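Dear colleague,

Please find below the structure that I am handing over to you.

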Amino acid sequence: MKLLVVEDEALLRHHLQTRLTESGHVVEAVADAEEALYQAGEFNHDLAIVDLGLPGMSGLELIGRLRALDKTFPILILTARGNWQDKVEGLAAGADDYLVKPFQFEELEARLNALLRRSSGFTQATIVAGPLRLDLNRKQAVLDEQPLALTAYEYRILEYLMRHHQQVVAKERLMEQLYPNDEERDPNVIEVLVGRLRRKLEGDCGFKPIDTVRGLGYLFTERCR
Ligand code: CA
């Protein structure tokens, strides 16, 4: 998933970026609210992690601005103070959950995964579509009860398409799931990855859940639950 991290403490920002990238996310980590607004205005994100105590524009104001711009992605706030007013104000401004510093990375990841799951309408950590099962926590795909050997990029594309099942997903959206915003992108890579993914899904069982919508993108046709 594509995450926006807003944290002014350089060490923590770096730590979050490293750990979340290791967990398979693409992370844009910025130090202040102005840069976060720019990123959110220019690019798409699936979730934001916002520190409340920022220099200049506060995290609270940033959340209000993001919501005013119709950004509907889940927002998880980080607060060092831990007093209840902060949390209440953060939630009232439009945040979805909070974590008090210092925190364990595992807790952050669990909350983040729950928010991402809910925002795509799933209550379980497993998404099922016909013979295909996707374990969101272990990041594994199982087809006809057999583990499917996917590369990290193939898995990310499959997860994104399944989370947005029965919706047309533009190639640019899929590219955002693979590369940071400032990196060179080659749209042909997506075609190659989707081609490989299709062959693996088809396997012996002839499962063909990914359609191409000419000029628009890709569509995961099977209903996911
Ligand atoms: Ca801070």
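The notes that follow treat the domains, then the backbone, then selected side-chain contacts.

Please bear in mind throughout that this is a predicted model.

Domain arrangement

The chain falls into two domains, with domain 1 covering 2-119 and domain 2 covering 126-220. Their centres, taken over C-alpha atoms, are 26 Å apart. Contact between the two involves 13 residues of domain 1 and 14 residues of domain 2. Together the domains bury about 1,100 Å², of which 38% lies on carbon and sulfur atoms. On the domain 1 side, K2, V26 and N44 account for 40% of the area buried against domain 2, more than any other three residues.

As to the interactions across this boundary, there are 0 salt bridges between domain 1 and domain 2, whereas 8 residue pairs are in polar contact. Two elements, β2 (26-30) and α5 (105-119), each contribute at least two residues to the side of domain 1 that touches domain 2. Of the elements on that side, α5 gives the most, with 3 residues. Sorted by class, that side of domain 1 holds 3 nonpolar, 6 polar and 4 charged residues.

Backbone features

The peptide bond from K101 to P102 is cis, with omega near -5°. P102 is placed in the loop between β5 (97-100) and α5.

Positive phi values in residues other than glycine occur at E145, where phi is near 65°, and at Q166, where phi is near 60°. E145 sits in the loop between β8 (140-143) and β9 (146-148), and Q166 in the loop between α6 (152-163) and β10 (168-169). E145 counts as exposed because its relative accessibility is 60%, over the 50% limit. Q166, with a relative accessible area of 45%, is partly exposed.

Salt bridges and a buried threonine

Over the whole structure, 17 salt bridges are found. One of them joins the side chains of E7 and K101, at 2.9 Å from N to O. This pair links distant parts of the chain, 94 residues apart: E7 lies in the loop between β1 (2-6) and α1 (10-22), and K101 in the loop between β5 and α5. Both E7 and K101 are buried.

R65 and E61 also form a salt bridge, with their closest N and O atoms 3.7 Å apart. These two residues are separated by about one helical turn, because they are 4 residues apart in helix α3 (residues 59-68). R65 is partly exposed at 39% relative accessibility, as is E61 at 41%.

A further salt bridge connects the side chains of E202 and K208 (3.7 Å, N to O). E202 is partly exposed, at 31% relative accessibility, while K208 is exposed, with a relative accessible area of 59%. Elsewhere, salt bridges with shared partners join E7, E9, D51 and K101 into one network.

K101 is also among the residues touched by T79, together with L52, D86, K87, L99 and V100, residues up to four places away in sequence not being counted. T79 belongs to strand β4 (residues 75-79) and is buried, at 0% relative accessibility. Its side chain makes a polar contact of 3.2 Å with the side chain of D86.

With kind regards

Notes. Residues are numbered from 1 along each chain as its sequence is written. This is a predicted model: local features need pLDDT of at least 70, side-chain atom pairs count only at pLDDT 80 or more; totals for chains, interfaces and linings use all residues. Side-chain values use heavy atoms; hydrogens and water are left out. Domain bounds come from an automatic or database domain assignment. Contact means heavy atoms within 4.5 Å. Buried area is the accessible area (1.4 Å probe) that two parts lose on being put together, summed over both. A salt bridge is a side-chain nitrogen of Lys or Arg within 4 Å of a carboxyl oxygen of Asp or Glu. A polar contact is a pair of N or O atoms within 3.5 Å; within protein, one must be able to donate a hydrogen and the other to accept it, and residues adjacent in sequence count only if both atoms are side-chain atoms. Ala, Val, Leu, Ile, Met, Phe, Trp, Tyr, Cys and Pro count as nonpolar, Asp, Glu, Lys and Arg as charged, and the others, Gly among them, as polar. Buried means under 20% relative accessible area, exposed over 50%, partly exposed in between (1.4 Å probe, protein chains only).
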